[in-house]
Number of protein chains: 6
Amino acid sequence: MTVTRVDGRAPDELRQVRFSRNWLDHAEGSVLVEFGRTRVLVAASVTVGVPRWRAGTGLGWVTAEYAMLPRATHTRSDRESIKGRVGGRTHEISRLIGRALRAVVDYKALGENTIVLDCDVLQADGGTRTAAITGAYVALADAVEHLRRLGALAGEPLTDSVAAVSVGFNSDGVALLDLAYEEDSAAETDMNIVMTGSGRYIEVQGTAEGTPFSRAELDTLLDLGAAGCAQLTHLQQEALA
Amino acid sequence: MTVTRVDGRAPDELRQVRFSRNWLDHAEGSVLVEFGRTRVLVAASVTVGVPRWRAGTGLGWVTAEYAMLPRATHTRSDRESIKGRVGGRTHEISRLIGRALRAVVDYKALGENTIVLDCDVLQADGGTRTAAITGAYVALADAVEHLRRLGALAGEPLTDSVAAVSVGFNSDGVALLDLAYEEDSAAETDMNIVMTGSGRYIEVQGTAEGTPFSRAELDTLLDLGAAGCAQLTHLQQEALA
Amino acid sequence: MTVTRVDGRAPDELRQVRFSRNWLDHAEGSVLVEFGRTRVLVAASVTVGVPRWRAGTGLGWVTAEYAMLPRATHTRSDRESIKGRVGGRTHEISRLIGRALRAVVDYKALGENTIVLDCDVLQADGGTRTAAITGAYVALADAVEHLRRLGALAGEPLTDSVAAVSVGFNSDGVALLDLAYEEDSAAETDMNIVMTGSGRYIEVQGTAEGTPFSRAELDTLLDLGAAGCAQLTHLQQEALA
Amino acid sequence: MTVTRVDGRAPDELRQVRFSRNWLDHAEGSVLVEFGRTRVLVAASVTVGVPRWRAGTGLGWVTAEYAMLPRATHTRSDRESIKGRVGGRTHEISRLIGRALRAVVDYKALGENTIVLDCDVLQADGGTRTAAITGAYVALADAVEHLRRLGALAGEPLTDSVAAVSVGFNSDGVALLDLAYEEDSAAETDMNIVMTGSGRYIEVQGTAEGTPFSRAELDTLLDLGAAGCAQLTHLQQEALA
Amino acid sequence: MTVTRVDGRAPDELRQVRFSRNWLDHAEGSVLVEFGRTRVLVAASVTVGVPRWRAGTGLGWVTAEYAMLPRATHTRSDRESIKGRVGGRTHEISRLIGRALRAVVDYKALGENTIVLDCDVLQADGGTRTAAITGAYVALADAVEHLRRLGALAGEPLTDSVAAVSVGFNSDGVALLDLAYEEDSAAETDMNIVMTGSGRYIEVQGTAEGTPFSRAELDTLLDLGAAGCAQLTHLQQEALA
Amino acid sequence: MTVTRVDGRAPDELRQVRFSRNWLDHAEGSVLVEFGRTRVLVAASVTVGVPRWRAGTGLGWVTAEYAMLPRATHTRSDRESIKGRVGGRTHEISRLIGRALRAVVDYKALGENTIVLDCDVLQADGGTRTAAITGAYVALADAVEHLRRLGALAGEPLTDSVAAVSVGFNSDGVALLDLAYEEDSAAETDMNIVMTGSGRYIEVQGTAEGTPFSRAELDTLLDLGAAGCAQLTHLQQEALA
């Protein structure tokens, strides 16, 4: 069966991925990452010292915050600052990004330094969390390089790279890689996969939006996601070269 | 290798699971569910009508809220009501429970009725979200029965049952089922699996807490979780019989 | 005149009162207290040290927090954590419980330790504040015993016991003890009385819900409340024996 | 024994009480009430209609809000608007004032009109809640008069008048009327009494700050409070004449 | 053309301005300032020490907070404490008042002392921010005098005085001084001018409410405002004499 | 005297100004506006209908919201969404932008449509509010064009164009146009001027950061600002051509 995706891609094809490094002048690392029309600005901010609960341990800290501009989406959303509270989805994705990056950080080598990864979605067209994670690794690598130049590191803090991609089944049962918004809305199953450059899993989050899925379907998605992450790893390496 | 778990269980053994139905007098469905020392009180509240954004569609709605009493845990936590905001973890689990239950609900058959599942953790010893989901299905079934007795249903709103369990690897690389708090804290990998009674996946959430995991390890956890969910499904059927 | 109360009690009769001590595994003191269908879970949490404003004085501190689960009541209430603020009634009762218990605490003997009494209403059928106070004394006594076993006390911190009960007039002018929800809603006058085991008053709060009351009516309620508190004191002693 | 009070008063003597009616130009009723150095500005705002939950019943509504200016007190307090939440004490007193005034309101005669009583403490020297209640009655009477002139009433909405006073024992066991701040801080027992002009009780709130009190002591305070409220009733009548 | 202002004033005439100094007993400086029916209570609170970010610099700090009582206005407004957030207008005016006063403060001479100026509008009839600034200078001068008597100053902290007034064009193109509420609502252009006693500008804020204004119109308003500020400076001197 | 500005500009020279129109795919109008290193992303969102308080009047509405990304600045700032409240500065600038744009809008011609202008500062180097206003006009013009193409307008809603610029004196008394962050921090006087394309004033906000300023100095700044706004108007016309 020939699948026609909304933008003409093959089912196992990524959207055009672009990393514009050093998009900001002040941040220690920054990248404007694009997965097709999804655009996320990631800023990595380095500060000496760690949160109080970690002080004196000799270990560093990496955390992330995710947010969307009000008109990143097709119709405008109210600002969370004005609503006075951060929504569940925002919280959940912020926590996911932080966990994903921390999986490849050697805190001892980082020393008592903190890196905050701010991932602000300027435009959303599906896959904002996977673009954010994939871009955040690039900004993190630049921030680490900044610390290295300052002589502030006790070793190599990055033990591996991190990339993430979404996969899912459309209503015809075809497995798709890197879903755009329209595809994501219509997907029966939606899965986000976060992997290291060396091909191990950091996070697997699969949700049946429609009919619950079988073990065979799960295996198909895991394979497709692994292939997508491998390609993103390659693109990250090129961008950082 | 013989594994000694903290409470003497075999690696693939559930904790003692208990469902005390109708624990509350006012709620349309309620259960005190226990997974070992983890105790969650689930109340299912039925109201006629649906949220405004859904009104007039003829479809029902099911949602969930999760919370912990301040002294559910080993040391006391501050109340979220007093902090004035719901934390990210609370939000995330509330959303997970709601999604899990909605996967087996036929909204048309439910008609324009809303069921809210309040899952309050009275005591926490690991696996509070999986106990909550597993118990919530029982409370939901009772609430649906209540609607049936009232003649308020347009068919059978439950298309299947739902159960959930946690699995993970300990630091010796042994796969464990239904982790208690102490095991969960020490686990290298932590996965929550939500499945239907018929053995399909609703949600798979695996996270590398330590070293990222391989595909083979992922497969082992998926198998173990499926076996655990099948046992829980059986216990739910007994409780509801 | 023969009064028929909703549950067949005599006007001056308490509901069935039950104290299930050590209902929780982690808390230093805990009790599930029941006044008929009203069920309050009280957890006493001990921490070394006192709030900053009291540090270095050698004196301890006791405080309380009261809350209701959303489906404790006949119809579901929204969570205060989600509303983002604690309501006036919750605040008021939390303050009352703390004041009541502090009236029998010798801070010097307690030493610089803090005991927080969390009173969570699992099911409400009138008299939740009086059940909470009466149960909180039992949990407090257990927490103090815990400190004693640790050798952390500088003497006996409890100078007396505390019990509380509600009294009121129904619309026929009959004085009732320990009002259930339905009686409370219909009462002309509503009074909560908190007394020591030795029969002195800690707090008297009487409110005319309907017609303001005379001094003679006030005296009748004070007598009835004193008799009820004496019975509760006796039940506490049995529970703690 | 001769008692010397801080300001030379006899134990059973009120502070100088002053009512400056119509202190504001816009409000339908207003009074600057002074109990010695305690000054509370009460504004009664009338609006046609009632809150949604009461609409269509033909009944009116009366409610109150209490607050303190930041420098009403000896040292400056932070604003509740800036802290982003109303404190427990503020909530509690607002509710008390509203309850007290509603006890003498005939909602049917008031018709579907709402009167909000804003009680803002400009300067605090003890007894702010009793001054607020006593002044609020005067502002309420003026607001009712305003409605009467408009022909908006279905009868006489005020069934009686309301006054309130504090009483307590000092550390020498002497019962004092209308405690100033310094006396209040040092009192063993503190009681607020709200009564109608005809001498019935609306609210009695007694708290043991130090040693719990006996029934005889309670009776002494109730007598003293009744005498104080009678004097305040007389002063209100003069002010409104 | 003869202009008839709502209260019979000439276009370039101030309303009756009154300063009632020491209106409060506890505050180190206080004034009830009236511009016609606009009444603002200003309290100056002195504390030893400065905010953390300024500690150890040897410099003092002056800040201001502005708020309105709910019934200061023609119709009642909700309290910001209850809404749980301070509105934009409140924030903006608080910042303006603080900036205006700080322009004449020599922080070195003030030493590490903080003065907070609380400006609470008891009644509003236009020009509340200009009345607040003009009154705040008087309260500040009294608070500084209080510090001087304590010997806590390192010199003269006030380098000049501050006064403020509003000016604007009505719909007939006539320039008006010190606009009352009704005039302000109808003004084409609205300008607030803050000046020192020596005739220099601290703040100029002009806004076209209707048609944007020309440079010539701007010049007219600046002249009128300067004349008004000079008169207010004179009245401040008299009040402080 | 020859002034060397930090970036080599002449005192009366603007920074390089760039408008990248249609930077976003979903918004009805959008522009990435740059004043040197200051970059503001403006999105204009059109919705049919107006806020409730304006419904049925036949008039449209235009409003604006301003915010900064956390790492727009030299050091990272906490997110307002996480702090749970919008700061005073943010509020103030949002209100200013809305007022500025509304000055050139004919609500009748706009019809009952609402345009929200979201101005998000991606990078800040001084002059973010003037860049936001100047860019917002361009996005507004595109959004109006979008409505025109839909045939949703009742005439020409834009009566003029709007531009804004900052001016100020440096510590040597030299008047500077369009201050960069470093210049702004060191300025004695800081003024923001908002003007129409036809050379009339919409808003003038001048503040003495150091010594208060004389009338002659004020006139110098007004002249310089008018010249700057004229240049910006020209650049807007080119961008929109």
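Here is a walk through this predicted model, from how its chains relate to a few single residues.

Take chain E, turn it by 180° with a shift of 0.0 Å along the axis, and it lands on chain D with an RMSD of 0.0 Å. The two copies are thus related as by a two-fold rotation axis. If you want to find that axis in chain E, look for Ser81(E), whose C-alpha is the nearest one at 1.8 Å. Both copies use the same surface here, since 100% of the contact residues of chain E turn up again in chain D.

Now try chain E with chain F.

Not every pair of chains touches, though. Chain A and chain D share no contact, and their closest C-alpha atoms are 11 Å apart. Chain B and chain E have no contact either, again with 11 Å between their closest C-alpha atoms.

Next, zoom in on some helices. Two packed helices are described by the angle between their axes and the distance between the axes. In chains E and F, the helices to look at are α6(E) and α6(F), each covering residues 215-240, which pack at about 155° with their axes 13 Å apart. Angles over 145 degrees count as roughly antiparallel, so that is what α6(E) is to α6(F). Their crossing is right-handed. On the α6(E) side, the residues that meet α6(F) are Arg215(E), Leu218(E), Asp219(E), Leu222(E) and Asp223(E). Their partners in α6(F) are Arg215(F), Leu218(F), Asp219(F), Leu222(F) and Asp223(F). Have a look at the numbering of those residues with this in mind: an α-helix has 3.6 residues a turn, so residues three or four places apart point the same way.

Chains A and B have a helix pair of their own. The axes of α6(A) and α6(B), residues 215-240 in each chain, come within 13 Å and cross at roughly 160°. These two helices are therefore roughly antiparallel to each other, and the crossing is right-handed. Among the residues of α6(A) that take part are Leu218(A) and Leu222(A), while those of α6(B) include Leu218(B) and Leu222(B).

Over in chain C, helix α4 runs through residues 128-149. Its 22 residues reach 31 Å from the first C-alpha to the last, close to the 32 Å expected. Of those 22 residues, 17 are buried, so α4(C) is largely enclosed by the rest of the structure. Just after the helix, Gly151(C) takes a positive phi of about 70°.

That brings us to backbone angles. Most residues other than glycine have a negative phi. Asp178(B) has a positive one, near 55°. You'll find Asp178(B) in the loop between β7 (175-177) and α5 (181-186) of chain B, where it is buried, with a relative accessible area of 0%. Asn22(F) also has a positive phi, near 55°. The loop between β1 (17-21) and β2 (29-35) of chain F is its place. Is Asn22(F) buried or exposed? Asn22(F) is exposed, with a relative accessible area of 52%.

Technical notes:
Residues numbered from 1 in each chain as written. Chains lettered and ligands numbered in written order. Predicted model: local features only at pLDDT ≥ 70, side-chain atom pairs only at ≥ 80, totals over all residues. Heavy atoms only, no water. Least-squares fit on C-alpha atoms with pLDDT ≥ 70 in both. Contact = heavy atoms within 4.5 Å. Helix = DSSP H or I, 4+ residues; strand = E, 2+ residues; numbered from the N terminus. Expected span 1.5 Å × (residues − 1). Buried < 20%, exposed > 50% of the residue type's maximum accessible area, 1.4 Å probe, protein only. Axes fitted to C-alpha atoms, helices over the stretch in contact; angles between N-to-C directions. Parallel < 35°, antiparallel > 145°, perpendicular 65-115°, else oblique. Left-handed = near helix turned anticlockwise from the far one by under 90°.
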